Amino acid sequence: DKLRRRDIESLRDRLGATYQPNTVRTFLGALSAVLSWGIKQEYLTVHPMQKLDLPKRQNSTDRLSAEQASQLLAVARERALSCTGRRRPLHFSLYMVVALALRLGLRKGEALGLRWSDIDFASARLTVARQLADCAAATAAGRWRTPKNGKSRSLPLPAALAEELRLWQAECPSTPAGLVCPLGSTAMGTLGELLEAAHCPRFARPLHSLRHSFAS
């Protein structure tokens, strides 16, 4: 009952200095629900967030069309194969990161943190159990954390992606963590070039735009 409107305005402004407007709105929405419950339970007499100005909602349009996504996958795969058909580790790691984002909606850290033990080919399921906290150091200890929502999730594995993963597993460079994309963090710098080669737009957050494309 000591909470005042100015306290929440200060909180809003501090959050806005670090997070995107939609994230701030989501956080304040949860807080508002708690305070509404407090009113209902008669712990509060005045709702301190009533008519509070919120950051303007951002509607992202950073996504590829179905045709652009298909073209990107084709170009990425072509670059990932040598003239003999053998998989080039650096380029194939990037191809797998792109495929995981476009076909399953994985975030960058989730794709780079994916392990072979997270994939069940028999049941055609993939588990997102962790993500890379620091995408610049894929194999360093203490760089892993839980996915964004704080819990793992299980996803159906598309047949086309499962086949690519099976073939890649036989040639994938081994790491102590058993990563599916062990060189993905190194190859991320060439993602812009890959988008350009596939005649796709280059967004501010190129890999996250692939996640938006999957959702669309």
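Val 128 has Arg 153 of strand 5 as its bridge partner. The model is a predicted one, in which local features need pLDDT of at least 70 and side-chain atom pairs count only at pLDDT 80 or more, while totals for chains, interfaces and linings use all residues. Residues are numbered from 1 along each chain as its sequence is written, and side-chain values use heavy atoms, with hydrogens and water left out.

Strand 5 (residues 153-156) pairs with strand 2 in the antiparallel sense over four bridges. Strands here are DSSP runs of E of at least two residues, helices are runs of H or I of at least four, and both are numbered from the N terminus; two strands pair if DSSP finds at least two bridges between them. Strand 2 (residues 125-128) presents Leu 126 and Val 128 on a covered face and Arg 125 and Thr 127 on an uncovered one. Strand 2 also pairs with strand 1 (residues 119-120), again in the antiparallel sense, over two bridges. In this pairing Asp 120 stands opposite Arg 125. Four residues lie between the strands of the hairpin formed by strand 1 and strand 2, and Ala 124 takes a positive phi near 55 degrees.

Grid points are joined across faces, edges and corners, and a volume is the space filled by probe spheres set on the points.

The largest pocket has a volume of about 1,100 Å³. Its lining comprises 34 residues, and Gln 20, Thr 23, Lys 148, Arg 205 and His 208 lie nearest its centre. Helix 2 (21-40), helix 5 (108-113), strand 3 (131-132) and helix 9 (206-215) are the elements that give two or more residues to this lining. By class, 14 of the lining residues are nonpolar, twelve polar and eight charged. Ala, Val, Leu, Ile, Met, Phe, Trp, Tyr, Cys and Pro count as nonpolar, Asp, Glu, Lys and Arg as charged, and the others, Gly among them, as polar.

One cavity of 30 Å³ or more is present. The largest cavity has a volume of about 50 Å³ and is lined by Ala 76, Arg 79, Ala 80, His 91, Leu 94, Thr 190 and Leu 194. The lining of the largest cavity divides into four nonpolar, two polar and one charged.

Notes
Buried < 20%, exposed > 50% of the residue type's maximum accessible area, 1.4 Å probe, protein only. 1 Å grid on protein atoms, 1.4 Å probe; cavity = no way out; pocket = protein on both sides within 12 Å on 5 of 7 lines; lining within 4 Å.
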